[in-house]
Structure formats: structure tokens, C-alpha cells
Amino acid sequence: MKSISRAINRIGLEVTVESSAGLKRGRAVISPVRYYQKQWGGVEHGEQGRNEPKRFAMFCSRELLEDSGYGRLIYQGSNRYVLIWKDDYTSRVGCYTKACLRKVNEQEVADE
């Protein structure tokens with residue numbers, strides 16, 4: 001079953017990713033990350049809580065981020081993100097990559 005891949009292709013947007021092999025194009029789901037703090041100090045994801053400014057989660061196929069690592073740029077329309085980390089997941093419903101991104105503006109890209 002490839003239901004995760006189908007879902008990403010159905011609801012995702014076109015993105016371009018910088019990699020060591022050049023630019024790659026594909027579809028990905030990008031959404032803001034929201035955290036809340038538990039009483040004993042552990043951090044968990046939830047629907048409530050504060051929004052982490054400029055922090056986003058991206059879900060895509062493994063192939064899209066295969067040759068990309070920390071600091072690579074990801075473009076989606078007029079938005080630019082820098083890749084912070086990525087994890088690969090495998091389950092009965094398919095394989096995918098989850099990545100943490102930070103949104104950057106024109107000035108931050110020019111400073112690099």
C-alpha cells in the first residue's frame with residue numbers, strides 16, 4: 001500500500017529542493033509547528049499551545065530529500081525554507097520523510 005504517497009501527492013504543493021545532485025522537484029505537505037509544554041517539562045506536539053514562529057514541518061517522499069542535508073534551501077512558491085533536520089519513516093501504509101524547516105526571508109539568504 002502506498003496511501004501515504006497518494007495523500008502527499010493529493011494535498012501537497014509543488015516544491016523545489018536544493019541537493020548535492022542539483023535541484024529536485026516534487027510534492028510535499030508543509031505546515032506550521034505548534035508546541036505545548038507538559039507540567040513535568042516534556043515537550044509534546046498538540047493542537048493547542050503557542051505557534052513556533054518561522055518553524056515548519058514538511059512531509060514528502062524519501063527521494064525528494066535523499067541528497068539534501070542541513071542548511072539546504074527548499075522553495076515553495078514565494079516561500080523559502082532552510083532544512084534543519086529530517087527523519088525517514090516506514091510503515092505498513094508507505095514510506096515518507098518528515099523534515100523540520102525554518103522559514104527564511106530575502107535578507108537572510110543574501111547574508112549567506
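Student: How do β5 and β6 pair, parallel or antiparallel?
Tutor: Strand β5, residues 73-76, pairs with β6 in the antiparallel sense over four bridges. Two strands count as paired if DSSP finds at least two bridges between them. Strands are DSSP runs (E, at least two residues), numbered from the N terminus. This is a predicted model, in which local features need pLDDT of at least 70, side-chain atom pairs count only at pLDDT 80 or more, and totals for chains, interfaces and linings use all residues. Residues are numbered from 1 along each chain as its sequence is written, and side-chain values use heavy atoms, with hydrogens and water left out.

Student: Which residue in β6 is the bridge partner of Leu73?
Tutor: The partner of Leu73 is Val82.

Student: Moving on, which residues touch the most other members of the largest nonpolar core?
Tutor: Met58, Leu65, Ile74 and Leu101 do, in a core of 13 residues. β1 (13-19), β4 (50-60), β6 (79-91) and β7 (94-104) each give two or more residues to this core, and β4 gives the most, with three. A nonpolar core is a set of buried Ala, Val, Leu, Ile, Met, Phe, Trp, Tyr and Cys residues joined through side-chain atoms within 4.5 Å.

Student: What is Leu65 in contact with, leaving aside its neighbours within four places in sequence?
Tutor: With those neighbours left aside, Leu65 is in contact with Val17, Met58, Cys60, Ile74, Lys86, Thr97 and Ala99. Contact means heavy atoms within 4.5 Å.

Student: How many disulfides does the structure hold?
Tutor: The structure holds zero disulfides, a disulfide being a pair of cysteine sulfur atoms within 2.5 Å.

Student: Is Cys100 buried or exposed?
Tutor: Cys100 is buried, because its relative accessible area is 9%. Cys95, at 33% relative accessibility, counts as partly exposed. Buried means under 20% relative accessible area, exposed over 50%, and partly exposed in between (1.4 Å probe, protein chains only).

Student: Where is confidence lowest in the protein chain?
Tutor: Confidence is lowest in strand β3, residues 43-45, at a mean of 58, and highest in β5, at 94. The mean pLDDT of the protein chain is 82, where pLDDT is the predictor's confidence in each residue, from 0 to 100.
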